[in-house]
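Please view the sequence and the model together before reading on.

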Amino acid sequence: MIESFKFLAHHIRTCGEEHIRVISEEVDEYIDQLHGEYNTFLEQTKHIFPHSKDWEFLDRWKSLKVEELKEKWVEENRIAHPDDRLKIYGTLVEVEVLQRRAGRVSFLATVTDLEKTAWRLSATMPELPALAQSYIIIGVRQDHPELGEIVEVFKMIPQSADTKERDR
């Protein structure tokens, strides 16, 4: 919420109120538009603190100088280049909770896509996704030392019946 407010305040100050708009999750380019604007926002606001994950970040990088911290913040929070991202249309078949803390839950999950390929996911979200629900999943393939190949999830959007029909 803090980052969203800061993004809006920065956007109004930079572009003016007349340039406020909404990016709809229903538009196919939603993720590309959102990630592009978010990456630009991170770069332009790295001098503004606090962001929501600052305390953990500062503790981890306490030995860095302020300017190095700003660069490290952008580096760690940048959304992967579009060429690295995967877009999976799949149904959630399994969820394993790893950790619950401060309104967030970290979990491993398995989804099966339309071609019956099983994908292992790693994510942290406000709540667990629903089993047997169809999702559009945006993420990046990662090699995890213990879990093998997983998809680190950036966004999991539930797919309604009318959305599924439109996407076919």
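How many residues apart are E67 and K70 in helix α4? E67 and K70 are 3 residues apart in helix α4 (residues 66-77), so about one helical turn separates them. The model is predicted: local features need pLDDT of at least 70, side-chain atom pairs count only at pLDDT 80 or more, and totals for chains, interfaces and linings use all residues. Residues are numbered from 1 along each chain as its sequence is written, and side-chain values use heavy atoms, with hydrogens and water left out.

**Salt bridges**
- The structure holds 4 salt bridges (a side-chain nitrogen of Lys or Arg within 4 Å of a carboxyl oxygen of Asp or Glu).
- One of them joins the side chains of E67 and K70 at 3.2 Å, N to O.
- In helix α4, E75 and K72 are likewise 3 residues apart, and their side chains form a salt bridge at 3.4 Å, N to O.
- A salt bridge also links E149 and R141 at 3.2 Å, N to O.

**Exposure of the partners**
- E67 is exposed, at 54% relative accessible area (buried means under 20%, exposed over 50%, partly exposed in between, with a 1.4 Å probe and protein chains only).
- E75 is exposed at 53%, whereas K72 is buried at 18%.
- E149 is partly exposed at 46%, and R141 is partly exposed at 40%.

**Strands**
- Strands and helices are DSSP runs numbered from the N terminus (strands E, at least two residues; helices H or I, at least four).
- A closed barrel of 5 strands runs β1-β2-β3-β5-β4, with mixed pairing (two strands pair if DSSP finds at least two bridges between them).
- Strands β3 (residues 118-125) and β5 (residues 148-158) pair in the parallel sense over 2 bridges.
- S122 stands opposite E152 in β5.
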